[in-house]
Each structure stands twice: as structure tokens, then as C-alpha cells.
Amino acid sequence: MRVAVVGSGISGLTCAWHLAKHHEVHVFEANDYVGGHTNTVEIETQSGKYAIDTGFIVFNDWTYPNFIRLMTDLGVQWKDSSMSFSVKVESNGLEYNGTNLNTLFAQRRNVFNPRFHRMIKDILRFNQESISVLETNSNQTLGEYLRVNGYSDQFKQYYIVPMGAAIWSSSSDQMDQFPIQYFVRFFKNHGMLSVSDRPVWKVIEGGSSSYLSPMCKPFRENIHLQSPVQGIRRSKDHVTLSISKKGSLSEAHFDEVILASHSNQSLRLLQDVTLDEQDILSQFQYQTNETTLHTDESVLPKNKLARAAWNYYVPKDPRHSVAVTYIMNILQGIQAPETFSVSLNMNDLIDPRKILRSLKYEHPIFHQQAFQAQERWGEISGKNRTHFCGAYWGYGFHEDGVKSGLRVLKDFQVNL
């Protein structure tokens with residue numbers, strides 16, 4: 001068969017890598033690079049050259065079995081990472097790093113701060129009590145659950161919402177609407193309801209983009225970069241793609257099409273969209289996050305003991321987007337005199353002279369309607385010569401992208 005894959009993120013590449021063993025596969029990508037959120041930037045400074053991840057960074061040995069199996073098949077090497085989380089509050093100067101007691105009380109005055117102690121007690125209570133929601137059919141949001149169960153404002157504003165917002169690259173308002181059952185299930189599966197029993201986090205050696213070359217090798221000649229698909233029409237015996245290349249529009253025919261693009265992009269491409277496709281795909285929403293690679297340490301906690309791999313920033317004025325900084329030296333084990341950081345939506349606080357690269361990524365927003373729409377995947381995928389995959393069919397992470405790709409492959413009767 002002749003198969004078109006629209007989008008070169010991990011979902012589309014998973015499909016293409018497996019299908020290329022048996023079929024003619026063509027991958028269409030609007031960007032000038034393959035990989036989507038897998039985007040390692042090569043940086044050269046006076047101290048040397050560094051490969052720094054700006055999108056996909058880490059995975060773990062608990063909840064990424066399909067991704068790890070894929071990396072093993074590709075012969076890709078990885079190493080242990082160091083995961084930690086901090087919060088910096090602009091309004092009151094609070095800073096803490098949850099790694100251990102020493103970093104938790106990086107600001108020694110918090111030893112005598114009753115509100116800080118209340119937050120710690122609420123963390124322990126949430127870890128112990130929240131698991132019970134998985135035994136119910138609760139339709140509560142995270143915000144409703146915290147309010148009903150009497151959790152402190154400090155716990156909500158300076159711990160649980162920042163933690164969730166950093167994980168899903170979402171605003172505090174969006175986290176407030178996150179379904180509590182899905183939130184707790186994710187935390188449980190990732191060992192985040194335990195102080196000590198947690199997975200080991202990993203990073204790809206040489207940067208996450210290192211897996212792209214071996215993965216694309218079987219179909220390298222059929223990768224079409226800077227070739228955005230403008231429209232898709234389905235008929236009884238084929239699928240027609242309208243493709244833009246260097247200012248001109250052309251058409252190509254395929255037996256099947258796999259839409260590995262974001263749901264809103266896929267919906268926009270389908271010129272003969274069905275009612276079910278419209279109803280299901282429209283339930284997913286996205287947020288664009290300004291992403292900046294830089295060396296400005298001023299956006300990090302002032303107290304170096306409070307600095308962590310992930311550093312959440314709580315501004316005085318409410319923001320409509322997440323504000324978080326990842327220290328890549330910690331996450332990737334980079335040995336350099338510079339502190340390489342990747343920040344989301346903090347351009348107004350970063351010294352322009354210290355910006356190395358500016359990018360934009362779209363991340364799915366999860367709410368009850370989106371999770372309900374996920375259950376209807378079988379109503380549209382595998383129908384009308386069209387298949388849908390993407391991390392938005394799960395929790396939005398690389399493992400979810402691989403799983404959704406593997407699910408599509410069942411329609412092609414690929415033996416995995």
C-alpha cells in the first residue's frame with residue numbers, strides 16, 4: 001500500500017517506522033526539521049558546543065515501556081537524569097526545592113513559618129487521601145476537590161497547581177479545571193504520591209533528537225520537509241492530499257492517510273469532514289507556549305539551594321499561561337560554566353542578550369470533555385481510509401504518542 005503520514009512527531013514516526021517494512025510510506029512535515037517536540041538545538045559558546053533539548057526531554061523506567069522498547073530496537077543509548085522541583089513566588093519571596101529537607105527549607109525562616117508547615121502537611125495528606133478518588137466515579141475537577149476537602153491556599157497555589165501546570169505546560173486556571181480522577185491516576189502511576197518510591201528518569205544520550213536518524217532511515221527518501229498539507233479529500237478507493245511546496249500546490253494520491261498532527265490541525269485539513277470527526281476532534285484544545293533557550297539566571301530562585309531541575313514561577317499578577325524554567329545542565333547532565341535554561345512564557349523577564357533561541361510549541365489542554373472524546377477514538381480512526389494518532393489521545397507525553405501510533409498499526413495488521 002501507499003500510505004501518507006501527516007506530521008513527523010513521535011506518533012507519526014512510530015507508524016512510519018513500522019509500516020515502511022511492508023509498505024511505501026511518505027511523511028509530510030510543515031517544519032524544516034523532523035521530530036515535532038523532539039527538537040535538540042546545537043549551541044556553541046566560548047566554553048564549547050552543546051546539544052540542548054527544548055521540547056521532549058525526559059522519560060522514565062515505569063511509565064514509558066513502549067517508548068523504551070522502541071529506543072532499544074533503534075539501538076539508542078540513554079542515561080539517568082536528575083528530577084527535582086522548585087517554586088519561586090514573586091509576591092512574598094517564597095522559594096523552596098522539594099528534593100530533601102535541606103532544600104525544602106532553603107530559606108531557613110520557613111522553619112518558623114506556620115503557613116509553610118501547613119502546606120507540607122497538606123502535601124502529605126493529599127498523597128495519602130487522594131488515591132481514594134480512583135475508587136469512585138467522581139466528576140470533580142482538581143479545584144473542586146481541593147475546595148471541598150479543605151486544602152490550604154498555600155498548598156494549592158505553591159505546590160499542587162504549580163506541579164500540574166509544569167507537567168502539562170498549562171495555566172493555573174486550566175489546572176483548576178483538570179479532572180481529579182485523571183490527575184490522581186497520573187500522579188499515582190508516576191510515583192508522585194510517594195516521598196521515596198519513584199521512577200528513575202532518563203534522557204537520551206547526545207540529546208533527544210539522537211533517535212531521529214535511525215528511526216527515519218527506512219523511509220528517509222520519502223520525508224517531505226517544508227511541505228504542509230493544505231487539504232485532504234477521501235474517496236471510495238483512494239485519498240487525495242493537496243500539498244504546498246515552495247509556493248506551488250500539488251496533489252498526491254494514497255491508499256490510506258495517517259493524521260499524526262494535532263487534532264485542530266487534522267480537523268482543519270479534512271475537506272470532507274464527517275459529523276463524528278467534527279464532534280470528537282473539536283473537543284481537544286491547545287495552548288501555544290513561548291519557549292526560550294537562554295542563560296539568564298535571574299528567572300531562577302535567588303537562593304541556589306532552592307534551584308531545581310524544574311523551577312516554577314508564581315508572578316504577582318495572574319498569568320494566562322504557565323511560567324516555568326528547566327535547568328538543562330541538571331536534566332541532561334551538561335557540564336558547562338553557563339547555566340542553560342529553557343523557559344516557558346517568561347520572555348518579558350529574560351535579558352534579550354542572553355537568549356540563545358526562541359521557539360513556540362503547542363500543548364494540549366486537558367479537561368473532562370477531552371478525556372471523554374478520547375474514548376470515542378474507534379468511531380473515527382480506521383474509517384474512510386483515515387487514521388488518527390497523537391499524544392493528545394493520552395496524557396500528552398511521548399509514551400502516549402508511541403501508544404497511539406501502535407494502536408493505529410493494528411488497522412494495518414502489523415505484527416509488533
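Lysine 360 counts as exposed, at 57% relative accessibility (exposed means over 50% relative accessible area, buried under 20%, partly exposed in between, with a 1.4 Å probe and protein chains only). Its salt-bridge partner is glutamate 290, at 3.7 Å from N to O (a salt bridge puts a side-chain nitrogen of Lys or Arg within 4 Å of a carboxyl oxygen of Asp or Glu). Keep in mind that this is a predicted model: local features need pLDDT of at least 70 and side-chain atom pairs pLDDT 80 or more, while totals for chains, interfaces and linings use all residues. Numbering runs from 1 along each chain as its sequence is written, and side-chain values use heavy atoms, leaving out hydrogens and water.

- Glutamate 290 is partly exposed, at 30% relative accessible area.

**Other salt bridges**
- The structure holds 16 salt bridges.
- Aspartate 80 pairs with lysine 202, with the closest N and O atoms 2.6 Å apart.
- Aspartate 80 sits in strand β6 and lysine 202 in strand β9, so the pair ties together parts 122 residues apart in sequence.
- Aspartate 80 is exposed at 52%, whereas lysine 202 is buried at 14%.
- Glutamate 256 bridges to arginine 385, the closest N and O atoms being 3.7 Å apart.
- Here glutamate 256 is buried at 14%, and arginine 385 is partly exposed at 22%.

How values were computed. Helices (H or I, at least four residues) and strands (E, at least two) are DSSP runs, numbered from the N terminus.
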